[in-house]
Amino acid sequence: MTTNLIEAHVSKRFGKKTVLKDVAISLNKGEIFGLLGPSGSGKTTLVKLLCGIDEPSEGEVTVLNQKMPDLALIKRIGYMAQADALYHELTAKENLAFFASINGVKRTKRKERIQHVMKLVDLEDDLNKRVEAFSGGMKRRLSLAIALLHEPEILVLDEPTVGIDPALRNKIWETFETLRESGVLIVVTTHVMDEAERCSRLGMVRDGQLIASGTPDELKQETGASTIEHAFLSYGG
Amino acid sequence: MRVLAVVIRILKQFLHDKRTIALMIVAPIIVLTMLSLVFNGEELEVEIGVIDAPTSVIDMIDQENVSVIKLDSDINPEDRIKEENYDAILSFEEGKMNILLEGSDPSLSNGIINTIKQSSNTDTKSTPLSIEYLYGSQDMTTFDHFGPVLVGFFIFFFVFLIAGVSFLRERTQGTLERLLASPIKRSELVMGYVIGFGLFTTIQSSIIALYSIYVIDLKMEGSFMYVLLITVMLALSALTLGILLSAFAKNELQMIQFIPLVIVPQFFFAGLFNLETISDYLSWLGPLTPLYYGADALRDVMIRGQGFSEIWVDLLVLGGFSFVFIVMNVFALKKHRRI
Ligand SMILES: Nc1ncnc2c1ncn2[C@@H]1O[C@H](COP(=O)(O)OP(=O)(O)OP(=O)(O)O)[C@@H](O)[C@H]1O
Ligand SMILES: [Mg+2]
């Protein structure tokens with residue numbers, strides 16, 4: 001028995017191609033774990049395994065000591081994919097209402113939750129607009145809002161702030177920090193170095209391997225770099 | 001509860017997408033109307049040759065569009081039709097009336113028979129009538145005959161395509177992945193689709209069937225409720241098949257590529273052509289296609305005026321198809337999430 005929320009030791013192959021080699025991580029309540037790595041290194045593949053959308057070729061993922069995938073556990077995870085998964089012909093509100101009922105948000109709380117998350121991503125005035133009329137960044141924000149909707153204990157976010165302006169990005173990260181303080185585990189992939197600095201711990205992925213992990217300071221010390229960006233580069237990112 | 005959420009979402013998507021609604025309802029109506037005009041158009045001029053006919057009969061048949069030509073009694077009617085352009089030759093022999101029809105155009109043949117019957121009814125009531133066909137047969141009718149097949153076909157076609165494309169989109173736009181990252185069960189998703197599309201196609205089917213029967217004036221002997229029941233069951237098999245095959249398409253264009261492979265052949269086996277005339281190498285395919293049963297049941301009700309006792313087997317088979325497709329769909333989604 002461990003107190004870790006997520007425990008994973010996995011390998012993943014697509015056909016003959018090995019995409020993840022023996023990656024082992026354990027993640028705890030109340031932390032923001034950032035995954036850094038070059039494009040194609042396997043970050044998306046890893047987070048999909050963590051939230052049970054895909055299954056490892058070898059090894060296993062356990063959430064609260066239970067093996068994934070498991071419908072009861074999936075309920076406790078909020079996942080935001082790298083691509084915006086939205087119904088374009090529906091309005092923002094209809095998208096939110098749909099995912100709220102799919103994720104079991106109580107009818108009485110639904111309206112309040114929708115208002116709350118839309119305020120968070122600064123879209124409260126666009127509730128009745130159709131998604132097809134949204135800009136790229138607006139879609140990204142709506143997608144994030146949907147992941148937050150059912151107040152999951154675990155948030156898995158694949159590049160959540162791509163295409164979002166710095167001011168709003170800052171606001172969103174403040175939300176992440178508030179959530180972390182309330183005990184939520186957030187797993188986030190990113191290419192943005194100032195976001196990496198705000199993570200509690202970082203994992204460096206390269207060619208499907210987790211080549212380093214630790215707090216931002218630890219990683220900087222280990223490589224003797226002054227910034228995360230330099231540390232990232234010295235890991236060959 | 002989750003099923004209901006999917007149902008509501010699908011109906012909302014329809015409401016926002018007026019064009020698709022129009023495609024599914026208006027397009028079949030336009031095509032059916034066009035076909036009915038093509039096949040039930042203005043009557044052609046007919047030429048009827050008569051041999052030894054009483055003048056009273058000749059006067060009765062001699063109407064607009066019909067020209068009656070008296071022929072010598074020693075000619076051979078068959079040769080006359082073959083060599084000259086008579087549509088029918090009427091001859092009297094020992095008080096018996098014989099009609100020899102050219103017969104290749106069923107609507108024309110029926111028109112002639114009706115005209116002659118009407119005239120002989122009033123006059124020579126007791127005259128025995130014998131009808132022969134040079135080509136074709138009495139069983140051939142045109143639009144009335146394949147109208148039911150067309151109604152079934154268009155409903156099948158559009159439901160298949162729209163359901164398939166909309167499930168495909170679910171996959172390509174990433175919402176399927178997002179759904180599978182939620183606690184929805186695979187079966188709940190499939191049932192949501194079946195019910196959501198089912199509700200919509202019930203409306204679609206009733207409009208198309210009502211239009212065909214009351215506006216185009218398609219022959220309708222049986223009960224409208226049966227027609228609705230059949231078309232809804234047929235639509236159900238179309239939508240479950242569409243969703244299933246969408247798993248094998250990467251984009252909308254590939255979905256359209258299924259039309260010549262899956263849809264068009266069904267049309268041939270649905271009774272548009274007499275199955276007995278189809279080569280044995282192919283005819284066994286007919287009973288494997290949903291449209292075969294849908295068209296058969298529609299014809300039973302619309303042409304033959306039959307009821308539940310005749311169509312329940314067809315309905316059962318259609319239900320069986322849908323059930324198998326639903327199970328296969330739930331199974332196919334395993335590819336995306338095992339549980
Ligand atoms: N379904 C799949 N089939 C085959 N190969 C795949 C599949 N999904 C991912 N890959 C391969 O796995 C590798 C890792 O992909 P992944 O999407 O995890 O990268 P990533 O680190 O998220 O990249 P990015 O930063 O660009 O998002 C890539 O080489 C990709 O081609
Ligand atoms: Mg990625």
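**Exercise 1.** Does A:Arg140 count as buried or exposed, and at what relative accessibility?

*Solution.* The model is predicted, with local features needing pLDDT of at least 70 and side-chain atom pairs counting only at pLDDT 80 or more, while totals for chains, interfaces and linings use all residues. Residues are numbered from 1 along each chain as its sequence is written, chains are lettered from A and ligands numbered from 1 in the order in which they are written, and side-chain values use heavy atoms, with hydrogens and water left out. Buried means under 20% relative accessible area, exposed over 50%, and partly exposed in between (1.4 Å probe, protein chains only). At 4% relative accessibility, A:Arg140 therefore counts as buried.

**Exercise 2.** Identify the salt bridge between A:Asp84 and A:Arg140 and say which parts of the chain the pair ties together.

*Solution.* A salt bridge is a side-chain nitrogen of Lys or Arg within 4 Å of a carboxyl oxygen of Asp or Glu. A:Asp84 lies in the loop between E6 and helix H3 (92-102) of chain A, and A:Arg140 in helix H5 of chain A, so the pair ties together parts that are 56 residues apart in sequence. Helices (H or I, at least four residues) and strands (E, at least two) are DSSP runs, numbered from the N terminus. A:Asp84 counts as partly exposed, because its relative accessibility is 21%.

**Exercise 3.** Examine the salt bridge between A:Asp54 and A:Lys12.

*Solution.* The N to O distance of this pair, A:Asp54 and A:Lys12, is 3.4 Å. A:Asp54 is in the loop between helix H1 (43-50) and strand E4 (58-63) of chain A, whereas A:Lys12 is in strand E1 (residues 6-14) of chain A, 42 residues apart. With 25% relative accessibility A:Asp54 counts as partly exposed, and with 8% A:Lys12 counts as buried. Over all chains, the search of the whole structure finds 18 salt bridges.

**Exercise 4.** Classify the ring pair formed by B:Phe167 and B:Tyr193.

*Solution.* Rings of Phe, Tyr and Trp (its six-membered ring) pair if their centres lie within 6.5 Å; planes under 30 degrees apart count as stacked, over 60 as edge-to-face and the rest as tilted. By this rule there are 16 aromatic pairs over all chains. The centres of B:Phe167 and B:Tyr193 are 4.8 Å apart and their planes stand at 80 degrees, so the pair is edge-to-face. B:Phe167 belongs to helix H6 (residues 143-172) of chain B and B:Tyr193 to helix H8 (residues 186-215) of chain B, 26 residues apart. Both B:Phe167 and B:Tyr193 are buried.
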